[in-house]
Amino acid sequence: MKPLKDYSFIKGVNYRMPENDEITLRELGYAKRVGINSVRIWLSYQKYEEQPENYIARLVGFVHTCHSVGVSVMPILFNGNGLDPAMLEEDFLPRGEAFAAAVVDALKDEPGLIMYDIMNEPPCNHLILDAPNDEVKNGWYEKIWKFVRHFCGYVKQADAENAITVGNWLAVDLESSADLVDVLSYHDYSPTIAGVREMAELALSVARKYDKPVINNETCCIARANPYDQVIQVLNEYGIPWYVFNLMIQGYWNDVHGIFYADGTVRDPAIASAIVGCFRNRDLQTIVPEKPNREGLAVALLEKLKPLLADNHTDVFAYQGPRTAEILDICEQMANLLECGQLTAMQIPPTARISAWRKQADPSLLDIKQFAYRLAQELQEKCQIL
């Protein structure tokens, strides 16, 4: 795609090329549900060199598939994470150029290409992070940015039509290639909203200086106190397009990144809601707390549960004991009150445990009774029932 002045239409995710079109179409279907229209993917010169023709054919097929459902692609040529120092030497350039040329030649006329990302997070690697002193660090910085700038020029020479960017690790790195790229890109995993705003404002100041558009093409991480819903809300406010990390909950980052599970369910509905532009109310002046016991259902459920959990009974011969299904029905109603009222932890929702028991042929009645007791205590406390 030709360089644009405005990329505000982008709602993107970081992604990886699946093994086949069936998986791609299924997962892109999840993305389309919430309005995602662009993906940013990592390429690998090492894998390209193993089977050049197959690799390029797979890449082109992936771009075709994405385009067929209205999703553009931003391929990343090189990766600064885990950077091999040998890449930065002069004798690597022919290999790197051969790879870049193959990718550019294959994609330059593809309508599904939105831009090339020359390198992901150039200085985010152990060469920089573990440098023993500033002299060593600056030496690696010089080599890394020389590499990046070389390939910015190389790709633009090979394809003068389509836009290029560099996926900068931090907004402070933007000026290292700002004169060469068509689009400024930065990443931000700030642990506070004030930090997210600070980085957005810094990025926008560089964008104004160079009169170029800016995007955030990697953000959102649970483990970095960088919440999807709040970050998206702030970036929307600043008019900065984004690519969250990442579409699927899988692989190495599955416990701190990702929107969708393989079956199309989501980790947190607040993430999906934010992507479509609906955000949680965090204004103490207007929040209306839910009252699950407004119609007395919580009290009624607690009373109904008591005799089912009690061990005492008057007629030992007539006593049959509680039925598992009966307790689970009450548990489901209690769990629904707590979950709807936003009164319980949702990492593993109570309803998920209930559903699992119902799928078992012979669930443990003792475990279910203990769960019911704890759930009843939580309901009583959260609804302030004396």
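User: How many of the residues of S6 are buried?

Analyst: A residue counts as buried when its relative accessible area is under 20%, as exposed when it is over 50%, and as partly exposed in between (1.4 Å probe, protein chains only). In S6, 5 of its 5 residues are buried, and the strand is described as mostly covered. Strands (E, at least two residues) and helices (H or I, at least four) are DSSP runs numbered from the N terminus. The model is predicted: local features need pLDDT of at least 70 and side-chain atom pairs count only at pLDDT 80 or more, while totals for chains, interfaces and linings use all residues. Residues are numbered from 1 along each chain as its sequence is written, and side-chain values use heavy atoms, with hydrogens and water left out.

User: Which residues of S6 lie on one side, and which on the other?

Analyst: In a regular strand the side chains alternate between the two faces of the sheet. For S6, Leu-184, Tyr-186 and Asp-188 are on one side, and Ser-185 and His-187 are on the other. Both of these faces are covered.

User: Over how many bridges do S6 and S7 pair?

Analyst: Two strands pair if DSSP finds at least two bridges between them. S6 and S7 pair in the parallel sense over 5 bridges, with Asn-216 in S7 as the bridge partner of Tyr-186. Strand S5 (residues 164–168) also pairs with S6 (residues 184–188) in the parallel sense, over 2 bridges. Here Tyr-186 is the bridge partner of Asn-168, and Gly-167 stands opposite Ser-185.

User: Which strands does helix H7 touch where it packs on the sheet?

Analyst: Contact means heavy atoms within 4.5 Å. Helix H7 (residues 193–210) touches S6 and strand S7 (214–219). Directions are compared through axes, which are lines fitted to C-alpha atoms (for helices over the stretch in contact), and angles run from 0 to 180 degrees between N-to-C directions. The direction of H7 makes about 170 degrees with that of S6.

User: How many strands make up the closed barrel?

Analyst: The closed barrel has 8 strands in the order S1-S2-S3-S4-S5-S6-S7-S8, with parallel pairing. From one strand to the next, the twist averages 25 degrees. S1 and S2 pair in the parallel sense over 4 bridges, and Ile-41 in S2 is the bridge partner of Tyr-15. S2 is mostly covered, with 4 of its 5 residues buried.

User: Which strands does helix H3 lie across?

Analyst: Helix H3 (residues 52–68) lies across strand S1 (11–15), strand S2 (38–42) and strand S3 (72–79), and runs at about 165 degrees to S2. H3 also packs with helix H1 (residues 21–33): their axes come within 10 Å and cross at roughly 35 degrees. A crossing is right-handed if the near helix is turned clockwise from the far one by less than a right angle, and left-handed if anticlockwise. H1 passes H3 in a right-handed crossing. At this contact, Asp-21, Thr-24, Leu-25 and Leu-28 of H1 meet Gly-61, Phe-62, Thr-65 and Cys-66 of H3. The contact has 4 nonpolar, 3 polar and 1 charged residues; Ala, Val, Leu, Ile, Met, Phe, Trp, Tyr, Cys and Pro count as nonpolar, Asp, Glu, Lys and Arg as charged, and the others, Gly among them, as polar.

User: At what angle do the axes of H10 and H11 cross?

Analyst: Angles under 35 degrees count as roughly parallel, over 145 as roughly antiparallel, 65 to 115 as roughly perpendicular and the rest as oblique. The axes of helix H10 (residues 297–309) and helix H11 (residues 324–340) come within 10 Å and cross at roughly 150 degrees. The two helices are therefore roughly antiparallel to each other, and their crossing is left-handed. The contact includes Leu-301 and Leu-305 of H10 and Ile-330 and Met-334 of H11. Its residues divide into 11 nonpolar, 1 polar and 2 charged.

User: Where is Glu-121 found?

Analyst: Glu-121 is in the loop between strand S4 (116–120) and helix H5 (126–129). Its phi is near 40 degrees, a positive value in a residue other than glycine. With 6% relative accessibility, Glu-121 counts as buried. Gln-342, in the loop between H11 and helix H12 (350–359), has a positive phi near 55 degrees and counts as partly exposed at 47% relative accessibility.

User: Which residues does the cis peptide bond join?

Analyst: The cis peptide bond joins Phe-245 and Asn-246, with omega about -5 degrees. Asn-246 is in the loop between strand S8 (242–244) and helix H9 (269–275).
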